[in-house]
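My notes follow the display.

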Amino acid sequence: MTVGAAKFGLFAAAGGGAGFVATGGIITQYETGGTTYRVHTFRGDSTFVVASGETDAEVLLVAGGGGGGYGCGGGGGGGGILTGTVSLSAQTYTIVVGTGGNRGDYAVYGGVQGSTRVGEDTVAFGATADGGGGAGNGVGEGDQGGDGGNGGGSSHGEAATSGTQGNSGGLTGYGGYGSPECRTSGTSSNEISNGGAGATEAGGLGGTDGTGGDGGDGKSGLMGISATTRTYAGGGAGSVNVAHFNGTQDGGTGGSGGGGDGGEGVSTTLAYPGVGGTPNSGGGGGGGAIKTAGGVVRYNGSLGGTGIVIIRYEVTV
């Protein structure tokens, strides 16, 4: 496999069809299985300009992941995914890449519901990938996560969330998973949070031993900037109130495809914020932990991962 040097801006991508010339994004080229592909990758808002010609191209749209909640917070949901083939012709296409959802921040968002931490949609070619649902904060008796491309995890004791991603604009959707209702019985009922859903799996339920719920796994086998396939849109993991479990329990593990881990606690005096969703993966952010020894400290959640748009078509060399 040979991967060409990445280029930005105005690079004439000749090929794909007779006289086909296109510009925009990070441009790479590789050969696999006897076929040479040219790839345009967009990691932020931009335009894709077809100067001349027509061709069919494979496209991937991944929305931004939801942000994680603070202080025993839930995990953000992974962004929705769309894949399929579009027919390109001479015109300018607007590319909107969704940013990740805001983190739960006690100083700024105290008491605000998880719906405010939803990831942004990714929009291109008349299709919309839905941003991942924001996670619930661990405020008082808990905070419900938000719906999104994949649902965000709720904090202790709160209700389930739903996934919204379906097909859009002629492209096939992956996602639409939710996160379950938090436990309402057992020793951990009020001191754990759920993971956010990923593109192929529901969010994980917080364990009765005090471990935060794992994030749901993302969608694997999707195209990337090179011939190596990638996994996108994993859910962020939930966290715990460390002091209520003798300081031994940890946050959950983020889902494959960029989901962030939940904040971990290794003693009654130590706890950590959640881990952010991986940039340009659409992964959800992990929830922040809470400690009460020596005074209550509610650790912040983390940002959801930004989305991505990839366009790939065959060229003749």
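I took two strands as paired if DSSP finds at least two bridges between them. The model I am reading is predicted.

**Sheet**

I looked up the strand order first. Three strands make an open sheet, ordered β1-β4-β7, with antiparallel pairing. I noted β1 (21–23) and β7 (92–95) as the edge strands, each pairing on one side only. Neighbouring strands here are turned by 15° against each other on average, direction ignored.

Next I checked how β1 meets β4. Three bridges join β1 to β4 (residues 46–52), and the two run antiparallel. I found V21 opposite S52 of β4.

**Aromatic rings**

I then went through the ring pairs. How many aromatic pairs are there? I get five. Y30 and Y37 form one that is tilted, 5.9 Å centre to centre with 45° between the planes. The cut-off for buried is under 20% relative accessible area. Y30, at 2%, is therefore buried. Y37 has 13% relative accessibility, so Y37 counts as buried too.

Y93 and F125 form a tilted pair as well: 5.3 Å between centres, 55° between planes. Y93 lies in β7 and F125 in the loop between β8 (122–124) and β9 (127–129), so this pair ties together parts 32 residues apart in sequence. I logged Y93 as buried at 10% relative accessibility. F125 is buried at 16% relative accessible area.

I also traced a cluster: ring pairs link F42, F48, Y93 and F125.

**Charge over a ring**

Last, I went back to Y37. The charged end of R312 sits over the Y37 ring, 4.0 Å from the ring centre.

Key: Residues are numbered from 1 along each chain as its sequence is written. This is a predicted model: local features need pLDDT of at least 70, side-chain atom pairs count only at pLDDT 80 or more; totals for chains, interfaces and linings use all residues. Side-chain values use heavy atoms; hydrogens and water are left out. Helices (H or I, at least four residues) and strands (E, at least two) are DSSP runs, numbered from the N terminus. Axes are lines fitted to C-alpha atoms, for helices over the stretch in contact, and angles run from 0 to 180 degrees between N-to-C directions. Rings of Phe, Tyr and Trp (its six-membered ring) pair if their centres lie within 6.5 Å; planes under 30 degrees apart count as stacked, over 60 as edge-to-face and the rest as tilted. Buried means under 20% relative accessible area, exposed over 50%, partly exposed in between (1.4 Å probe, protein chains only). A charge sits over a ring if NZ of Lys or CZ of Arg is within 6 Å of the ring centre and within 35 degrees of the ring normal.
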